[in-house]
Amino acid sequence: MIKISNVRKLFNEIIVLDDVSFSVEKSNIVGLAGPSGGGKSTLMRCIQKLDKPNSGTIKCDGRVCFMFQDFQLFPHMTVLENLTYAPTLKNKKSNHVKLALEMLENLGIGSKADAYPKQLSGGQKQRVALARSLMIKPDILLCDEPTSGLDVATTMDVVTLLESVRDMGVTMVIASHDLDFLIKISDRILLLKEGRIAVDIVPKEIDNPLEYLKKYY
Ligand SMILES: Nc1ncnc2c1ncn2[C@@H]1O[C@H](COP(=O)(O)OP(=O)(O)O)[C@@H](O)[C@H]1O
Ligand SMILES: [Mg+2]
C-alpha cells in the first residue's frame with residue numbers, strides 16, 4: 001500500500017531523514033514515534049507529496065489524505081461547509097451534503113452540522129477534521145499528532161474512531177508523541193530518531209512496549 005525506499009531529506013544541508021525504508025500493508029496502522037525533531041512530520045509531508053525527498057522513492061497505492069495537527073478547519077465556515085468545500089471545488093454536480101451529513105452522523109456529531117469551529121470542543125473539532133479527511137474516501141490516511149491537546153477520555157475516543165476508519169479498509173500512518181496512544185492504536189510502531197528508524201516493533205508481541213520505546217528517547 002505504501003512503499004518507502006531509502007528516503008533522504010535535507011534542510012539546509014542538515015539531514016532530517018536518513019535512508020528511511022519501510023512498507024505498510026493495506027488496512028494496517030503504523031505508528032511513528034520518536035523525540036521531537038526526529039523527522040515524523042517531515043516524513044508524513046513527503047508521503048503526502050507536500051515535500052520532496054532529496055533521494056529515494058515513496059510509492060502509495062490510491063488516494064492519500066493528510067489530517068493536520070491543528071485540524072486546520074476554516075473558522076468562517078460551518079462544520080457542514082468545512083466538509084463540502086473541497087469536494088465541491090472538484091466536482092460541482094454530485095451531492096456532497098448528503099455524504100457529509102452521513103459522515104458527521106457516523107462520527108457522532110450529526111447535531112453540529114451548522115455549528116462553527118469555535119463553538120466546538122477539541123474532541124469535536126478532531127471528529128470534524130476526521131470527517132473532512134474521509135470525504136475524499138482516502139485509501140491512505142496520514143494523521144499528524146491526532147491527540148495533541150485532547151484529554152485522556154477524548155484520546156480514547158480517537159482510538160475507537162481511528163479503529164473504525166481502519167475497519168473501513170483505510171491504511172494509516174499516525175505520528176504522535178503520545179506513546180500510550182500509539183501502543184493502543186498501532187499494529188506496528190517505528191521510532192524515528194535523528195532521521196533514522198531506531199526501532200521497529202509490533203507492540204502486541206512485546207512485554208512492555210512503553211518501557212522498550214522510552215529507552216530510545
Ligand atoms: N521547512 C523546514 N525548514 C528547515 N528545517 C525544517 C523544516 N521542517 C522541519 N525542519 C527540521 O527538520 C527536523 C525534523 O522536524 P520534524 O519532521 O518536524 O520532526 P518531528 O515531527 O518528529 O518533531 C527538525 O530539526 C526541524 O527543525
Ligand atoms: Mg511533528
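The model is a predicted one, in which local features need pLDDT of at least 70 and side-chain atom pairs count only at pLDDT 80 or more, while totals for chains, interfaces and linings use all residues. Residues are numbered from 1 along each chain as its sequence is written, chains are lettered from A and ligands numbered from 1 in the order in which they are written, and side-chain values use heavy atoms, with hydrogens and water left out.

Let us start with the overall layout. The domain assignment gives domain 1 (1–63 + 139–217) and domain 2 (74–137), with bounds that come from an automatic or database assignment. Taken over C-alpha atoms, their centres are 25 Å apart. The contact between them (heavy atoms within 4.5 Å) draws on 13 residues from domain 1 and ten residues from domain 2.

How much area is buried between domain 1 and domain 2? The value is about 880 Å², with carbon and sulfur atoms giving 74%; buried area here is the accessible area (1.4 Å probe) that two parts lose on being put together, summed over both. Within domain 1, Arg 63, Leu 141 and Leu 161 lose the most area to domain 2, and together they make up 47% of what that side buries.

One salt bridge is counted between the two domains, the term meaning a side-chain nitrogen of Lys or Arg within 4 Å of a carboxyl oxygen of Asp or Glu. Asp 157 and Arg 127 meet through their side chains in a salt bridge, at 3.6 Å from N to O. On the side of domain 1 that touches domain 2, helix 5 (residues 152–167) provides the largest share, six residues; helices are DSSP runs of H or I with at least four residues, strands are E runs of at least two, and both are numbered from the N terminus.

Finally, step inside each domain. Ala 33 belongs to strand 3 (residues 29–33) and counts as buried because its relative accessibility is 0%, the cut-off being under 20% (1.4 Å probe, protein chains only). Beyond its neighbours within four places in sequence, Ala 33 has contacts that include Lys 40, Ser 176, Leu 191 and Tyr 217. Thr 84 sits in helix 2 (residues 79–90) and, at 12% relative accessibility, is buried too. With neighbours within four places in sequence left aside, Thr 84 touches His 96, Val 97 and Ala 100.

Key:
Buried < 20%, exposed > 50% of the residue type's maximum accessible area, 1.4 Å probe, protein only.
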